[in-house]
Amino acid sequence: MGKDYRNYSKVSRTPRRPFEKERLDRELKIVGEYGLRNKREIWRIELTLAKIRKAARELLQLEEKDPRRIFEGAALLRRLKRFGLLDEDQNRLDFVLGLTLEKFLDRRLQTKVFKSGLAKSMHHARVLVKQRHIRVGRRIVDVPSFLVRVDSEKHIDYSLTSPFGQGRPGRVKRKRERAGQGGGDDDDEDI
């Protein structure tokens, strides 16, 4: 095998002060509320948010009529609106600086599955997604942190192969049915 020349970059950044009590308590509350696996999931979203805010700040420092600000600003706003992070009437770069971690967490597939009533809890929603019971449109998505776009939000449903959807029954149900058919006479004799 040859060398791998691809570039990689970290997708999360650890906090500068590791034992700040207020931050630790806030993160623990968010992890429990949104059913996250660990705090790295929070740090990953915070890094994404920081990059978006930085891009908006740089664009805001340019003049109003600057072609770069007009072009890149419109692209940034369009992308954030498509993911439902900004409302349709929020079409200024100032609103990008007002984005919060909770807005991102509310757009995750795991949260959307729970809010739509397909799952009993946030943790159940994560299990359903990981076990490939959920589809978005026609595609099965097994990533709980998948950011759902506004136009595909109404297409979240059980997958066609899932026992919850129209798929065949699960392993335990099939086993019980087999036991019920084959051993139906034995049960009557035991009584």
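Good morning. Before I go on, a word on the source. The model is predicted, so local features need pLDDT of at least 70 and side-chain atom pairs count only at pLDDT 80 or more, while totals for chains, interfaces and linings use all residues. Residues are numbered from 1 along each chain as its sequence is written, and side-chain values use heavy atoms, with hydrogens and water left out.

Let me turn to the helices. Helices (H or I, at least four residues) and strands (E, at least two) are DSSP runs, numbered from the N terminus. Two packed helices are described by the angle between their axes and the distance between the axes. The axes are lines fitted to C-alpha atoms, for helices over the stretch in contact, and angles run from 0 to 180 degrees between N-to-C directions.

From α1, the contact is made by R23, L24, R26, E27, L28, I30 and V31, and from α2 by K39, I42, W43 and E46; contact means heavy atoms within 4.5 Å. By class, this contact has six nonpolar, no polar and five charged residues. Here Ala, Val, Leu, Ile, Met, Phe, Trp, Tyr, Cys and Pro count as nonpolar, Asp, Glu, Lys and Arg as charged, and the others, Gly among them, as polar.

S12 is found in the segment before α1. This serine is buried, with a relative accessible area of 15%. Leaving aside neighbours within four places in sequence, S12 is in contact with R40, W43, R44 and L47.

The second pair is α2, residues 39–61, and α3, residues 67–82, whose axes come within 10 Å and cross at roughly 150°. The two helices are therefore roughly antiparallel to each other. Their crossing is left-handed, a term used if the near helix is turned anticlockwise from the far one by less than a right angle, with clockwise giving right-handed. On the α2 side the contact is made by I52, A56, E58, L59 and L60, and on the α3 side by R68, R69, E72, G73, L76 and L80. By class, there are six nonpolar, one polar and four charged residues. The C-alpha atoms of E58, in helix α2, and L80 are separated by 17 Å, at 22 residues apart along the chain.

Which residues does V96 touch, leaving aside its neighbours within four places in sequence? They are I52, R53, A56, L76, L77, L80 and L86. V96 lies in the loop between α3 and α4 and is buried, at a relative accessible area of 0%.

I close with the sheet. Three strands form an open sheet in the order β2-β1-β3, with antiparallel pairing; two strands pair if DSSP finds at least two bridges between them. The edge strands, each pairing on one side only, are β2 (139–140) and β3 (156–158). Strand β1, residues 134–136, pairs with β2 over two bridges, and V136 has R139 in β2 as bridge partner. R132 is found in the loop between α6 and β1. Its phi is near 65°, a positive value in a residue other than glycine, and R132 counts as partly exposed at 46% relative accessibility.

Key
Parallel < 35°, antiparallel > 145°, perpendicular 65-115°, else oblique. Buried < 20%, exposed > 50% of the residue type's maximum accessible area, 1.4 Å probe, protein only.
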